[in-house]
Amino acid sequence: MNATADKTAAELERKVSERLAALPDVDSSTIEPHAEGTKVILEGSVDTVFSARKAVLSAETVDGVHDVESHLTLTGNKNGASTSH
């Protein structure tokens, strides 16, 4: 990648992170966006499949994003962390 592509990827990642942080019921601190051109890959964990869908849909609304790939794992816990009882 050249410097312009790196800057564009970093800008997309920043914009997606900001959009995810604005979601009221999704813990965006556990989601890491990675941009490859106009595609964004979401990695990390979320509590429910609904949170994963919200994250993907939210990332798709960012200007410059043409494709979103989810590599999110489900924890099944409201706080997003895996715990044992």
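User: Why is serine 58 called buried?

Analyst: Serine 58 has a relative accessible area of 7%. Buried means under 20%, exposed over 50% and partly exposed in between, with a 1.4 Å probe and protein chains only; serine 58 is therefore buried. The model is a predicted one, in which local features need pLDDT of at least 70, side-chain atom pairs count only at pLDDT 80 or more, and totals for chains, interfaces and linings use all residues. Residues are numbered from 1 along each chain as its sequence is written, and side-chain values use heavy atoms, with hydrogens and water left out.

User: Where is serine 58 found, and which residues does serine 58 touch beyond four places in sequence?

Analyst: Serine 58 belongs to helix α2, residues 49-60. Helices (H or I, at least four residues) and strands (E, at least two) are DSSP runs, numbered from the N terminus. Not counting residues up to four places away in sequence, serine 58 touches Arg19, Leu20 and Leu23, where contact means heavy atoms within 4.5 Å.

User: What makes lysine 15 partly exposed?

Analyst: The relative accessible area of lysine 15 is 32%. This value lies between the limits of 20% and 50%, so lysine 15 is partly exposed. Lysine 15 is found in helix α1, residues 3-21. With neighbours within four places in sequence left aside, lysine 15 is in contact with Val62 and Asp63. The C-alpha atoms of lysine 15 and valine 62 are separated by 6.9 Å, although the two residues are 47 apart along the chain.

User: How do you know which strands are the edge strands of the open sheet?

Analyst: The open sheet has three strands in the order β1-β2-β3, with mixed pairing. Strands β1 (31-36) and β3 each pair on one side only, and are the edge strands. Two strands pair if DSSP finds at least two bridges between them. Strand β2 (residues 39-46) runs parallel to β3 and is joined to β3 by eight bridges, so this pair meets the criterion. Lysine 39 has aspartate 67 in β3 as its bridge partner.

User: Which strands does α2 touch where α2 packs on the sheet?

Analyst: Helix α2 touches β1, β2 and β3, and its direction makes about 160° with that of β3. Axes are lines fitted to C-alpha atoms, for helices over the stretch in contact, and angles run from 0 to 180 degrees between N-to-C directions.
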